[in-house]
Amino acid sequence: MIIVLKKDAGEKEVDSFISQVKEKGLGVHISKGVDKTIVGLLGDTSKLDPEDFLANDIVETAERVSAPYKMASRSFHPANTVIVVGGNQTGVTPAVIGDGKSVPLIAGPCSVENEEQILDAARAVKKAGAKMLRGGAYKPRTSPYSFQGLGVEGLRLLSLAKKETGLPICTELMAISELKYFEDVDMIQVGARNFQNFDLLKELGKSGKPVLLKRGLSGTIDELLMSAEYIMASGNENVILCERGIRTYDNYTRNCLDLSAVPYLHKVSHLPIVIDPSHACGIRWMVGELAKAAVAIGADGLEIEVHCNPEKALSDASQQLTPGQFEALTEKLTKIAAVDGKTL
């Protein structure tokens, strides 16, 4: 349920009203805008009548929210959420996602393989204009015989790359037991296979770190938003949604990129939405085309895989761009973003 307070409501009156709501055993989410304050009620509101709240002089409207997700809903939070990744760190340039003015690029190799490889990639993507470095220290793989990542050593190498380039780092967390090693990670990625690992999501809600939440292989939009709700309801509102393609009956690409998710998510949710064209298609020559479409349709950011020698990559070799290809792509993306008044 959401309750819109009148513009001239006094601070003491608002505090008193919120106290009364909490006495009913409900949680409260407050969103203050320029013209109005919205109070979202969290918990079981089925027995409450919206009309009862209208008796209070400071209440303008009261209505139920039909969506199963509450905190992720734009009804609860009309303004876009802007998330700063990597702030308050000496030598690190923060990345801003969701401000409506920029389309930051998150780029780097699929996997961290060794020190030389990740440092070379970090230098290359920074030179081309990336605002964040991605790289997998832990790799969920379909085959148990495939490269599984370097683990803690991979995290150490990512930290080295951050220290040298000043790029905030984004890497995937697979298990709660590994969270203790992610202190220097700026944005934690939840992969498609874990997007409904609810215990993991609740722990990330306690961490406070920005979370890049990927849509599951066959996940619906509502399921993606409900997963975001788990993180937010546990105390962390720094969630970025990520569309990376879903499974369909066709197999000419690795997955089917659902670009229509971008305007729809912007309509129903205030959370930023990032597109991952690399995992969507799995084909190097197609990544740029999907990236251009993603910027044109209004994505708040892109996550793109870049490797200095893709042919020798230990994972996802077929979808990683070379630094030269990435740099050429960023030049095209810059022009497309400019049409909408944005920068990369």
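Q: How do the residues of the lining of the second largest pocket divide by class?
A: The classes are nonpolar (Ala, Val, Leu, Ile, Met, Phe, Trp, Tyr, Cys and Pro), charged (Asp, Glu, Lys and Arg) and polar (the others, Gly among them). Here the lining of the second largest pocket has seven charged, four nonpolar and three polar residues. This is a predicted model, where local features need pLDDT of at least 70 and side-chain atom pairs count only at pLDDT 80 or more, while totals for chains, interfaces and linings use all residues. Residues are numbered from 1 along each chain as its sequence is written, and side-chain values use heavy atoms, with hydrogens and water left out.

Q: Which residues lie nearest the centre of that second largest pocket?
A: A pocket is an open set of 1 Å grid points over the protein atoms alone, with protein on both sides within 12 Å along at least five of seven lines, and a lining residue has an atom within 4 Å of a point. In this case 14 residues line the second largest pocket, and those nearest its centre are Ala-9, Gly-10, Val-14, Lys-32 and Thr-37. The largest share of this lining, three residues, comes from helix α1; helices (H or I, at least four residues) and strands (E, at least two) are DSSP runs numbered from the N terminus. About 170 Å³ of space lies in this pocket, a volume being the space filled by probe spheres set on the points, which are joined across faces, edges and corners.

Q: What is the volume of the largest pocket?
A: It is about 260 Å³. The largest pocket is lined by 19 residues, and closest to its centre are Lys-139, Pro-140, Arg-193, Arg-254 and His-279. Its lining divides into nine charged, seven polar and three nonpolar residues.

Q: How many cavities of 30 Å³ or more are there?
A: Rolling a probe the size of a water molecule over the atoms shows where empty space is left. Where a 1.4 Å probe fits but cannot get out, the set of points is a cavity. The count in this model is one cavity of 30 Å³ or more, and the largest cavity has a volume of about 40 Å³. Among its lining residues are Cys-110, Tyr-138, Lys-139 and Gln-189. Strand β9 (residues 169-172) gives the most to that lining, with three residues.

Q: How many aromatic pairs does the structure hold?
A: Rings of Phe, Tyr and Trp (its six-membered ring) pair if their centres lie within 6.5 Å; planes under 30 degrees apart are stacked, over 60 edge-to-face, and the rest tilted. The structure holds three such pairs. Phe-17 and Phe-53 are edge-to-face, 6.2 Å centre to centre with 75 degrees between the planes. Phe-17 lies in α1 (residues 11-22) and Phe-53 in α2 (residues 50-53), so this pair ties together parts 36 residues apart in sequence. Tyr-138 and Phe-182 form a stacked pair, 6.1 Å centre to centre with 20 degrees between the planes. These two residues sit in loops, 44 residues apart.

Q: Which way do the residues of strand β7 point?
A: In a regular strand the side chains alternate between the two faces of the sheet. From β7 (residues 105-108), Leu-105 and Ala-107 point one way and Ile-106 and Gly-108 the other, and all are buried (under 20% relative accessible area with a 1.4 Å probe, protein chains only; exposed is over 50%, partly exposed in between).

Q: How many bridges join β7 to β14?
A: Strands pair if DSSP finds at least two bridges between them. Four bridges join β7 to β14 (residues 301-305), and the two run parallel. Ile-106 has Glu-303 as its bridge partner in β14, and Ile-106 stands opposite Met-132 in β8.
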